[in-house]
Amino acid sequence: MAFFGSKKSRTALAASLRDSSKLSSKLRELLSNRGTLSRLSVCLLTIIILMVAVESWKAPFPYRLGMFEEHGILASATFKVANPIETDRQRTQKESDVPYSFKQQPELIEKLPLLLREDLVAIAKAKSLDELNADSRAELGLTSSRRLEQFIDQFPEESEQTFAELKSLVSSPDSNDTKKIDALIDDFKKLISPLLVYGIVNENDLTKNQIRADDAIAIINENTDSRRIVTTFDIRLPNQLSENGAIGREWKQFPRLAPMSAVLSHWIHFQAPTTLVYDSARTLQERKQARMLVDEIYDTFQRGTILVDPGQAIDETQLVLLRAEYEAKEERVPLYERVTRITIIFLMLIVLAVLNGYHLLRNKKAVAKTVSSLSIYSSVIILTVFLGRLLSYDPWRAEVLPLIATVMVFAIVYDQMMAILTALSLTLLLCLSTGGSLGHFVVLMSVSSVAVTSLGTVSSRSTLIKLGFGMGLTYFLVYWGINLIHSQELSNGFFNQRVLWESLQGAGWCLAAGYLVAGSLPFIESLFGVVTDISLLEMSNVSHPLLQELVRRAPGTYNHSISMATIGEAAADKIGANGLLVRVAAYYHDIGKMLKPQYFIENMVVGSESLHDNLAPAMSTLIIIGHVKDGVDLARQHNLPQPIIDFIEQHHGTTLVEYFFREAEKQADLSPDHKTDAEESSFRYPGPKPQTREAGVMMLADAVESASRTLSDPTPKRIKSLVHSLVMKRLLDGQFNECSLTLSEINIVEETLVKSLIGIYHGRIKYPEERSA
């Protein structure tokens, strides 16, 4: 048979029929969808940000303060550690070596010779001491009462004698006093020339700035841009006039001035101005620069150095050494190893993303298929990982706080399964990125499990506070127990102060998480667009402005809403749905009718004419259908939560306004011109159909409560028949195709509604009429 070719196997035949382009076409179709691309972009961006948050290019730093090391730790690499004490000592030394800066004003000294000349001329002209003015006498020390203390010993006892000596020195018998005074002034200029160089400081500046006698002083002359380094001794006027001073040691060089040295010294004390001004800004700046120029001083630790002794807990000093060793080793990691580490972590994050994404697609399609909801979910995950890593280090050790807060929020907003799956992913990320042990993973997952299992419903804020205490107790017991198990000597582990403190610290963060979530619950509801039982209970108060307005404008609609809420809540509770949500939503589902209450039969007065009698069926239908849109607008104006608004939109689904549709059909049969006025699509509500079990229950409760009022004799059999027909009509109309109600649940809802209506319309004993006397 080889002549006819080789015989194909069944597998080969089947493979030949396989559509080879099926996968590629699906990928092409997937990538052409802008919504899918947007969601994939959000997921990819989340993974990239998470890689940055966990520092995927670095190994985690595993050591924490107080961690017990049974066998000790040796340095595995040579590294350097900054020595802050020695560095600060040297910087302080360099800072203190910088001189104090003083700005000089030498032009003030140049005025002294002119002032002295005036006083000397006055002495030459005066015939006696009394003719000399009081200021000149005080300046020259010729008045005993105003003479400076340091010059008392240098003056003769009699001022008249001193005046006579001065007069003889400044005047001449030939009456040529001017030349003699000029000669004295010339010598005086040379005598005080050191003051132009050194200047004169104010003693108060030295005292105020605590400048000592041996401190260096920098004199800055801004006119010549010169800088001279001197000591405090050189700029103090008393020191300059002393025997060893710049002026005092020069008296011998001027024979004409030497006899009057005491008088001139006294005069200089009186007249010499302060020419040096302390420049604090410049001094601080130069000292800061000097401090910055000193490089950091490091201590070198060789490989093999004992960093932590065996059997010792890590203290703050050792933690600094371990951190320095870790950083030194990280600097030596080659590029290819970093790339490998990043790739591995990227793949791990992909696995976690697929795991969580699969659950979202299967159970939370509203989150998975909406970019905004997916972005919020991803942002919370990123924020939790970032804060968890940041708070995991000393002294906080509080990674449990953002983890538990996020798990509690997801349990409230989504469901328990999603919360525990998120807790698993977050705990893995935090432990792997912070070097957490298996025991720490067990602690975090234990507390997360307590949080998730206890948050089926949140009926009050105290529930969250109590849960905080429960989580704190769990953390304390599990953390303490794991450390006790790891200890070889149980007697020492029972009362280990470090373990007890860390257990209490973690328990405190768990309690803080409970308070944090309880306090921020309104913001959580607003961000995620959900309502908790707490908010529902607040909204169920009949004093709400919308309900009060509904009572006033449309009392019939209000009574219908209250009755419907009662039977709807019972039916929802029976199938395990949120009965409280159905009850509160029922209160508000028909608020749109209050804008045109007279067009709805429950608000019409008995015996009055219906406004629809004068309208075409199509117009009446528009008015009836319009109450849904009006209700949505009112709900948004009064800031009702989105889930309640969804109930208002969905409680009629896409059902038919049957009464007016039949009227339109009758008119179409009578007049061929009205054939097109009886199209069924024009008489249906715009929808959408119920999207949740609670919305489906409310649709049925609304229908049967309204229809039951039309029964003239509401016997149990008639009620059961009416309810069954309404349920089947909506089921066959496909109204429950988009919610998760099963046939068995619809059957339970039907039975519960029948029981509730029978209870409402049960028969009563007729009271006997009162006989007249």
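The legends below describe close-up views of one predicted model. Local features in this predicted model need pLDDT of at least 70 and side-chain atom pairs count only at pLDDT 80 or more, whereas totals for chains, interfaces and linings use all residues. Residues are numbered from 1 along each chain as its sequence is written, and side-chain values use heavy atoms, with hydrogens and water left out.

**View 1. The buried face of helix H27.** Helix H27 spans residues 545-553, helices being DSSP runs of H or I with at least four residues and strands runs of E with at least two, numbered from the N terminus. Within H27, Leu546, Leu547 and Leu550 are buried, where buried means under 20% relative accessible area, exposed over 50% and partly exposed in between, for a 1.4 Å probe and protein chains only. Seen down the axis of H27, these buried residues fall within an arc of 95°, so they line one face of the helix; the arc is that of the directions from the helix axis to the C-beta atoms. The face turned away from the buried side carries the exposed residues Pro545 and Arg552. Among the elements that cover the buried residues of H27 are helix H26 (533-539), helix H28 (555-574), helix H29 (579-588) and helix H30 (617-637).

**View 2. The crossing of helices H19 and H21.** The axes of helix H19 (residues 400-413) and helix H21 (residues 438-453) come within 9 Å and cross at roughly 30°, the axes being lines fitted to C-alpha atoms, for helices over the stretch in contact, with angles from 0 to 180 degrees between N-to-C directions. This angle makes H19 roughly parallel to H21, given that angles under 35 degrees count as roughly parallel, over 145 as roughly antiparallel, 65 to 115 as roughly perpendicular and the rest as oblique. The crossing of H19 and H21 is right-handed, a term used if the near helix is turned clockwise from the far one by less than a right angle, and left-handed if anticlockwise. Val400, Leu403, Ile404, Val407 and Met408 of H19 make the contact with Leu444, Val447, Ser448, Ala451 and Val452 of H21, contact meaning heavy atoms within 4.5 Å.

**View 3. The crossing of helices H5 and H13.** Helix H5 (residues 112-125) and helix H13 (residues 261-271) have axes that come within 11 Å and cross at roughly 125°, and the two helices are therefore oblique to each other. Their crossing is right-handed. On the H5 side Leu112, Leu115, Leu116 and Asp119 take part, meeting Leu264, Trp267 and Gln271 in H13.

View 4. Thr283 belongs to helix H14 (residues 280-292) and counts as buried at 2% relative accessibility. Not counting residues up to four places away in sequence, Thr283 touches Pro99, Tyr100, Ser101 and Tyr278. Ser503, in helix H24 (residues 497-519), counts as buried at 0% relative accessibility. Leaving aside neighbours within four places in sequence, Ser503 is in contact with Tyr475, Phe476, Tyr479 and Trp480.

View 5. The peptide bond from Asp394 to Pro395 is cis, with omega near 5°, and Pro395 lies in the loop between helix H18 (371-391) and H19. The bond from Gly687 to Pro688 is cis, with omega near 5°, and Pro688 is found in the loop between helix H32 (658-670) and helix H33 (693-708). Glu55, a residue other than glycine, has a positive phi near 50° and is partly exposed, with a relative accessible area of 26%. Gln210 has a positive phi near 55° and is exposed, with a relative accessible area of 65%.
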